[in-house]
Amino acid sequence: MWKVIYNLLTLCALPVFMIIGLTNAKMKKNFRDRLFPRVKGTTAGGACMIHGASIGEAIISESVADYLAKNGGPDRFLFTANTSYAEDMLKRKQGVKEGREAASLPFDLRFSVSSFLNHHRPSVIIIVETEIWPNLIWEAGKRGIPVIIVNGRISDSTIATYRRLSVFMRSALHGIDAVIAQSDEHRQRFITIGMAPERVFVTGNIKYYRPLAENAPDNGAREKIITIGSIKEKELDEVYSAVALLKSDLPGYRLFIAPRELHLVVTIEEELAKTFRTARYSRIREEDGETSADIVVVDTVGDLMGIYAKSMAAFVGGSLAPYGGQNMLEPLFVGTPVLFGPHTENFRDIAASILERKAGFLVETGRDIHRAVMRLLTDDALYRSTQQAGFGIVADQRHVMDETARIIRRLIGPSIKGAD
């Protein structure tokens, strides 16, 4: 019954949804591919499908695939994403590798999902964090394709909605073979909305994981760079304040500003160009890093980790205003001390761990960003202790990926390398 109701509702909403999709700039780029998946040509089938909605989840998808491939799991992968930005990043980084491809996840319409699954024929579907798409789950079940949620979480803002829909949610959750949750709190949330307790596991947060080579201590490759990353619109005034203060006290440093949403590039560039020499990162990359600019506005996707690795310190945005935060672990993976704001609801455990172990700093204004960066750069002992505390957080959590991979391998059975 619930399947019939859900599909009738989605079909009724389709005309309005199509108008929105064809007029919204963010959705328009890959709207057609998500509505009518490309199914031309043939595919070998049997790949491990890993879905990450946007950039952050797509990065986790890459880590899961790399770890599984090296540790007895499948060696062919189909990466999917919701946003065109994430899909483009995956195609650029993974699409050039043998046995790997990337595509848009179809909208959760029965005909779209069926067409996609009939063409790609994945052997397993792994969903990073939590996207419960009923038709994807139901259609996978019809084809005997296991569905696993990894790094599962249900945010404070969605748990109440899920609970109100718990009768319907049980129908969709019944088709999920396992949820590997970030914490006991998230495990309990999955259970309260209808997931069977015996199919919900806890390993920890795999956002902590990066291969050991990426976490090597500072090798002298750092430059006089301060990065302000993942910035959102309501934070811009404080960011401009921080930039002015930092450039006043650190005239020899270059500041990299990376908006979370690329449409902000023009806004940031126009405002900062009134006072400073600015350049876009895409142009600098084309010119092998040569620039005389004071401010570099990052207008590319997937390059922020490399920029963090060269930076002396990094602020991670989405946290000065009530957006819920972004992944403040990314600078720590490469040994860069991190700063972040008070609004970190989506990364509560991570933020608490960083502050408890003194691996980063909580800031609330542009002036606070300036003050914390100056403390780090003028106190060598503080800088080294902060950096080492960050390495410690990452190192302590490497077992999380191993346990997550162990559960996945057990659920999908023997190695599916070369499956058809």
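**A histidine in a helix, and what follows it**

Mentor: H119 is found in helix 5 (residues 110–120); helices here are DSSP runs of H or I with at least four residues, strands are runs of E with at least two, and both are numbered from the N terminus. This is a predicted model, in which local features need pLDDT of at least 70 and side-chain atom pairs count only at pLDDT 80 or more, while totals for chains, interfaces and linings use all residues. Residues are numbered from 1 along each chain as its sequence is written, and side-chain values use heavy atoms, with hydrogens and water left out.

With a relative accessible area of 13%, H119 is buried; the term means under 20%, exposed means over 50%, and partly exposed is what lies in between, for a 1.4 Å probe and with protein chains only. Contact means heavy atoms within 4.5 Å. Setting aside neighbours within four places in sequence, H119 is in contact with R38, V39, K40, G41, T42 and T43.

Helix 5 also takes part in covering another helix. In helix 2 (residues 25–35), the residues N30, F31, D33, R34 and L35 are buried. Their cover includes helix 5, along with helix 1 (2–23), helix 4 (84–93) and strand 3 (100–104).

Next comes the loop between helix 5 and strand 4, where R121 is found. R121 is not a glycine, yet has a positive phi of about 45 degrees. Its relative accessibility is 37%, and R121 therefore counts as partly exposed. N151 can be set beside it: phi of N151 is near 55 degrees, again a positive value in a residue other than glycine. N151 is found in strand 5 (residues 147–152), and at 2% relative accessibility N151 counts as buried.

T130 has a relative accessible area of 18% and is buried. A polar atom of the T130 side chain lies 2.5 Å from the backbone oxygen of R153. This falls under polar contacts, defined as pairs of N or O atoms within 3.5 Å; within protein, one atom must be able to donate a hydrogen and the other to accept it, and residues adjacent in sequence count only if both atoms are side-chain atoms. Not counting residues up to four places away in sequence, T130 touches R153 as well as I149, G152, Y162 and F190.

For the whole, the protein chain has 18 helices and 14 strands. Its C-alpha trace spans about 65 × 45 × 45 Å along the principal axes. The radius of gyration is 22 Å, which agrees with the value near 22 Å for a compact globule of 420 residues; the radius is taken over C-alpha atoms, and the globule rule is 2.2 Å times the number of residues to the power 0.38. Buried residues make up 56% of the 420 residues. Of the contacts between residues at least 6 apart in sequence, 68% join residues at least 24 apart.
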